[in-house]
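This briefing sets out selected features of the structure shown below.

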Amino acid sequence: MFLIFFFAIVSLLIILRLLSKTSIIHIFLIWWRSFGDRFHVYQTYKIPQYNENCQENQLYRKVSSYLNSLASLDDSDLKNLNLLSGTKPNEIFLHCDANQTVYDTFLSAKVSWTNELERDGSRSRSYVLKIRKNDKRRVLRQYLQHILTVTDEIEQRKNEIRLYMNLEAENGRWRSIPFTHPASFDTVVMDADLKNKVRSDLDQFLKSKQYYHRLGRVWKRTYLLYGASGTGKTSFIAAMARLLSYDVYDIDMSKVLDDSDLKTLLLQTTSKSLIVIEDLDRILADKSTAVSLSGMLNFMDGIVSCCGEERVMVFTMNGKDQVDQAVMRPGRIDVHVEFPACDFSAFKSLASSYLGVKDHKLFPQVEEIFHTGASLSHAEIGEIMISNRGSPSRALKSVISALQTNADARAVSKAGPRLSGNGSGRTADETSEPASVFCRESVHTVREFRKLYGLLKMGSRRKDDSVDLSSAEKEGSRHDV
């Protein structure tokens with residue numbers, strides 16, 4: 001008799017749910033679930049966002065992705081669902097609020113998930129799985145495997161690279177957004193042989209897990225990209241991320257509290273990641289920085305850097321001559337890649353990309369000016385071409401004017417040092433403060449552009465025992481690229 005009554009109630013609930021989804025029905029369903037819970041013994045499992053070593057728990061991320069994939073625009077009785085746009089056009093998906101309870105059914109077993117805030121004040125969260133004890137042995141392992149399979153399929157469909165930024169000085173501080181930088185190895189402008197060497201080195205790294213383990217080394221690779229501002233270092237980092245399909249962790253050193261905090265950030269990164277610190281030379285020269293030289297060295301190749309594999313570290317510098325050689329030694333920096341000022345070969349690539357011009361009557365004049373030693377960064381020439389893209393001839397004439405201004409400035413600097421307008425007492429060649437400038441074709445604007453960017457000073461480069469792809473042929477140094 002009781003079973004008949006029970007099935008009648010269940011059937012009635014199903015009918016009511018199909019007929020209407022008013023707030024009264026929703027409240028009644030919650031009450032019924034609570035009433036049913038009194039007759040069953042449940043087992044709960046907690047899935048924390050971070051493990052005891054402050055590293056991200058990958059299962060937490062996968063559970064989150066799985067649960068958000070369950071929500072449907074057409075059928076959901078959950079409250080406070082968030083509508084979010086996706087990375088693709090016309091893509092809309094649901095995202096559950098924190099503290100929302102989500103119900104799921106697997107092999108006729110009903111389970112619930114609740115996202116809760118930890119009580120230790122860290123602001124990290126945990127998913128709590130609730131399952132009946134008599135269902136636990138029957139479905140738990142299969143259910144968790146099902147979650148992993150579904151999330152792997154979701155990630156393969158998305159094939160999305162994410163950019164992580166350290167924004168807050170507390171646990172769980174990495175925040176991410178989709179990484180949509182369009183740069184690739186096909187679009188970056190640099191020496192073709194050098195580009196192919198770096199591409200080959202990255203491809204070889206991806207296949208070298210067993211090789212590194214046989215040597216007793218951590219499976220990671222470190223690159224130094226050095227050159228003046230505007231020569232394409234950041235775009236090249238984006239191209240590396242796209243080639244590897246790695247997430248990017250961009251560390252803002254101004255948000256780092258101390259050496260220990262920098263270690264914690266590293267521990268919270270994942271495998272298959274590109275870890276980036278830009279302007280390392282300025283960070284090391286700044287005596288007020290919160291991170292010591294020792295802390296940075298330990299970050300690069302200390303014990304904590306071994307807590308994770310299949311990582312690529314990338315550091316950028318404007319110049320490496322003034323940097324402590326302890327930073328530059330092999331093991332801390334594996335591959336050196338120089339980004340020089342734009343030459344005629346790079347100029348032709350820029351003209352082809354920005355203006356659609358592969359040859360022009362003004363090219364010989366441009367080449368002649370380059371041979372006099374005049375130089376501009378790729379960013380400077382690119383901005384001139386963008387602002388004059390409607391007229392390739394006007395764009396090339398503007399580039400010629402800019403190069404002539406640079407050549408004149410170099411001639412003056414060779415005749416005798418002149419003070420820059422910043423009152424610091426440094427010569428114009430020593431001033432190298434980058435700025436974002438919209439370039440016009442007038443010579444006066446070009447001169448202002450040069451004041452903001454500074455004149456490029458080519459210092460003598462020291463020989464280095466580590467791999468320098470940009471000068472390997474000149475120095476005859478051995479490397480594994």
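This is a predicted model: local features need pLDDT of at least 70, side-chain atom pairs count only at pLDDT 80 or more; totals for chains, interfaces and linings use all residues.

A residue is called buried when its relative accessible area is under 20%. Ser112 has a relative accessibility of 10%, so Ser112 counts as buried.

**Ser112 and its surroundings**
- Ser112 belongs to strand β5.
- Leaving aside residues up to four places away in sequence, Ser112 is in contact with Thr101, Val102, Tyr103, Val128, Leu129 and Lys130.
- One of these residues, Lys130, places its charged end over the ring of Tyr42, at 4.8 Å from the ring centre.

**Aromatic pairs**
- Across the whole structure, a search gives 18 aromatic pairs.
- One of them joins Trp113 and Tyr127 in an edge-to-face arrangement, with 6.3 Å from centre to centre and 85° between the planes.
- Trp113 is part of strand β5 (residues 109–117) and Tyr127 of strand β6 (residues 125–132), so this pair ties together parts of the chain that are 14 residues apart in sequence.
- Both Trp113 and Tyr127 are buried.
- For Phe344 and Phe363, the ring centres are 6.2 Å apart and the planes stand at 90°; the pair is therefore edge-to-face, as planes over 60 degrees apart are classed that way.
- This second pair connects distant parts of the chain, since Phe344 is in helix α12 (residues 344–355) and Phe363 in helix α13 (residues 363–371), 19 residues apart.
- Phe344 is buried at a relative accessible area of 13%, and Phe363 is buried at 4%.
- Trp113 and Tyr127 also belong to a cluster linked by ring pairs, together with Tyr60, Tyr66, Phe106 and Tyr143.

**Packing of α12 and α13**
- The angle between the axes and the distance between them describe two packed helices.
- For α12 and α13, the axes come within 10 Å and cross at roughly 145°.
- This crossing of α12 and α13 is right-handed.
- On the α12 side the contact involves Phe344, Phe347, Lys348 and Ala351, which meet Phe363, Val366, Glu367 and Phe370 of α13.
- Sorted by class, the contact of α12 with α13 holds six nonpolar, no polar and two charged residues.

**Packing of α5 and α7**
- Helix α5 (residues 192–206) and helix α7 (residues 233–244) have axes that come within 11 Å and cross at roughly 40°.
- The crossing of α5 and α7 is right-handed.
- Val198, Arg199, Leu202, Asp203 and Leu206 of α5 make the contact with Phe236, Met240, Leu243 and Leu244 of α7.
- By class, this contact of α5 with α7 comprises seven nonpolar, no polar and two charged residues.

- A negative phi is found in most residues other than glycine.
- Leu107 is not a glycine, yet its phi is positive, at about 50°.
- Leu107 is located in the loop between β4 (101–106) and β5, and its relative accessibility of 44% makes it partly exposed.
- Asp279, likewise a residue other than glycine, has a positive phi near 55°.
- Asp279 is placed in the loop between β11 (273–277) and α9 (280–285), and with a relative accessible area of 32% Asp279 is partly exposed.

Notes. Residues are numbered from 1 along each chain as its sequence is written. Side-chain values use heavy atoms; hydrogens and water are left out. Axes are lines fitted to C-alpha atoms, for helices over the stretch in contact, and angles run from 0 to 180 degrees between N-to-C directions. Helices (H or I, at least four residues) and strands (E, at least two) are DSSP runs, numbered from the N terminus. A crossing is left-handed if the near helix is turned anticlockwise from the far one by less than a right angle, and right-handed if clockwise. Contact means heavy atoms within 4.5 Å. Ala, Val, Leu, Ile, Met, Phe, Trp, Tyr, Cys and Pro count as nonpolar, Asp, Glu, Lys and Arg as charged, and the others, Gly among them, as polar. Rings of Phe, Tyr and Trp (its six-membered ring) pair if their centres lie within 6.5 Å; planes under 30 degrees apart count as stacked, over 60 as edge-to-face and the rest as tilted. Buried means under 20% relative accessible area, exposed over 50%, partly exposed in between (1.4 Å probe, protein chains only). A charge sits over a ring if NZ of Lys or CZ of Arg is within 6 Å of the ring centre and within 35 degrees of the ring normal.
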